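Subject: Handover of the model

Dear colleague,

I am passing on the model we spoke about, and you will find the sequence and coordinates just below. My notes on what was found follow after them.

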Amino acid sequence: MSFSEQLSTLFAKYNVIDAFWTNVQLTFWAAIGAFVLGSILALMRISPVPSLRAAGTAYVHLVRNTPLTILMTLAILGVWTQFQLSLSSNFETNFFLYAIIVLAIYHAAFVCEAIRSGVNTVPTGQAEAARAIGLGFMPTARYVIFPQALRGSITPLGNTLIALAKNTTVATVASVAEASGMMKSMIEFNSDLVFMIFFVFAMGFVVIVVPIGLLTTWASRKLAVKR
Amino acid sequence: MFNNITSKIAKATSVAAVATLALTGCGSSTSADGDTIRIGIKYDQPGLGYQDGRDYTGFDTDVARYVANELGYDEDHIEWVESPSANRENMLKNGQVDMIFATYSISESRLKTVDFAGPYFTAGQDLLVQKDNTDITGPDTLDGKNLCSVTGSTSAKKVQDKYASSVQLVQQNSYSDCVVALNAGMVDAVTTDDIILAGLASTKANKGELKVVGNTFTEERYGVGLPKGTDKCEAINKAINKMVETGAWEEALTKNVGESGFKYNRELNPPKLDSACATAPAK
């Protein structure tokens, strides 16, 4: 079979676009969740309250050092199967939500560290000046530190987003029908086209990931704080 | 051009795999000089191909042992190799195994890259439910129920498309994970080939808890996977016929999956083979 014949066989038999669209959706929602949770964690880790700092540090170390697959399996086999906690009576929605939550929890640890690295780019003088004009911790963080820190942490945040986009393939463990699960059935039932299958999926992820990389590189230049 | 590249990649992968084996000292490598025979099996399917400590148990391994014995290899000259579903064709193509007994259904697309002897068993898709369940009697009774299967298999999708459109599907990493969900009551049934389900229901942990419904709705002919262009079909088929005639085939089935009360499909089993390699199933 020629290159184009192989390609059209695969696309005719499997809904490749749909599968990748699931990955894109997972990336989008999990990125929002991870960003919110990660920002809160970063705030905790730079706060003046020792117990909050300790809790933030503990979270980051615990979650960052646990493989994502294990967290995903734990959520499905542990929380869903054993504790029988359903997030929706529709299975598809239920597993989709589980996958998003686990992805957000996991990547929040990385987002937190990315933001903290951005905080380190803000000179101490800024925080001291904010305190000198009478701002408390939250206003200082909100009006002075975070706006500069976020602009300084776009590159590491972009890296985390790229990792997240690729890690959405782990959602297959949580019974979400996404690209890597489809690849598994393709290999099982069209093993004669195995190299074409790898090619299709490699290209699929290139198409998703390269724009993220270009965008964050552009944004990090555009938004960098000139000092 | 494209083929040339693929064959190069295939060679490179097999070299890498052999190098890994050599480095880790895995297996009693007497290489492929005909002294030992390398047989690909599943390691994670209780009742069919299962690694139990240092032993290998299951119906697939018993048939493999019998066939290997008939071909002149005793137990000490068999090298067991794990062959997961997705790798089977490549392992045969690259010469990493000599034959495969791993719930390997004969299909048209697979016949493009490998040959099959047999079939040594004809299975069919079926359902596994809790012992006291009476309302699930077949695929068309699954509307509104929850059904589990393994990622990458199309068996659950088939049920949804053909029999019960409002069935909810869960895909897990392995059938044992499905059984966990079944035992916990989060799914109502697990679906795949009947003999695989019978193997799961026969394990110590599940004995007496689960049952196979026994209403098959597909036909899966398990063949012996062989490299394309093999000359071994006749000898292997003869060995399988002999196994059936001597009663060893029936005995192996009872021993491995009998605990579940499983009854195999008597219209399609046991096999009666001629000397030729298997051909694609009729559509």
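Please keep in mind throughout that this is a predicted model. I begin with chain A, for which an unreviewed UniProt entry carries the annotation "transmembrane region" over residues 20-44, 65-83, 95-115 and 193-219. Two of those stretches were examined for secondary structure. Residues 20-44 of chain A are 100% helix and 0% strand, with 35 Å between the C-alpha atoms at the two ends, while residues 193-219 of chain A are 96% helix and 0% strand, with the end C-alpha atoms 40 Å apart.

Next comes the contact between the chains. Chain A contributes 21 residues to the contact and chain B contributes 26 residues. On the side of chain A that touches chain B, the elements giving two or more residues are helix H4 (68-82), helix H9 (179-189) and helix H10 (194-223) of chain A, and of these H9(A) gives the most, with six residues. Sorted by class, the residues on that side of chain A are nine nonpolar, nine polar and three charged.

Chain B is assigned two domains, namely domain 1 (9-29 + 38-123 + 221-260) and domain 2 (125-212), and the centres of domain 1 and domain 2 of chain B, taken over C-alpha atoms, are separated by 26 Å. Where these domains of chain B meet, the contact takes 14 residues from domain 1 and 14 residues from domain 2. On the domain 1 side, strand E2 (44-45), strand E7 (114-123) and helix H9 (248-257) of chain B are the elements that give two or more residues, and the residues of that side comprise six nonpolar, six polar and two charged.

The nonpolar cores complete the picture. The largest nonpolar core has 68 residues, and those with the most contacts inside it are B:Phe101, B:Leu128, B:Leu182, B:Val187, B:Val190, B:Ile195 and B:Val224; this core draws at least three residues from each of domain 1 and domain 2 of chain B. Taking one of these residues in detail, B:Ile195 touches B:Leu48, B:Phe59, B:Phe121, B:Ala123, B:Val257 and B:Tyr264, if residues up to four places away in sequence are left out of the count. Another core, of 60 residues, lies apart from the largest one, and among its members are A:Leu41, A:Leu43, A:Val176 and A:Met186.

With best wishes

Technical notes:
Residues are numbered from 1 along each chain as its sequence is written. Chains are lettered from A and ligands numbered from 1 in the order in which they are written. This is a predicted model: local features need pLDDT of at least 70, side-chain atom pairs count only at pLDDT 80 or more; totals for chains, interfaces and linings use all residues. A nonpolar core is a set of buried Ala, Val, Leu, Ile, Met, Phe, Trp, Tyr and Cys residues joined through C-beta atoms within 7 Å. A residue is buried if 20 or more other C-beta atoms lie within 10 Å of its own, exposed if 12 or fewer, and partly exposed in between; C-beta atoms are placed from the backbone. Domain bounds come from an automatic or database domain assignment. Two residues are in contact if their C-beta atoms, placed from the backbone, lie within 7 Å. UniProt positions are given in the numbering used here, feature names are shortened, and annotations may be inferred rather than shown by experiment. Helices (H or I, at least four residues) and strands (E, at least two) are DSSP runs, numbered from the N terminus. Ala, Val, Leu, Ile, Met, Phe, Trp, Tyr, Cys and Pro count as nonpolar, Asp, Glu, Lys and Arg as charged, and the others, Gly among them, as polar.
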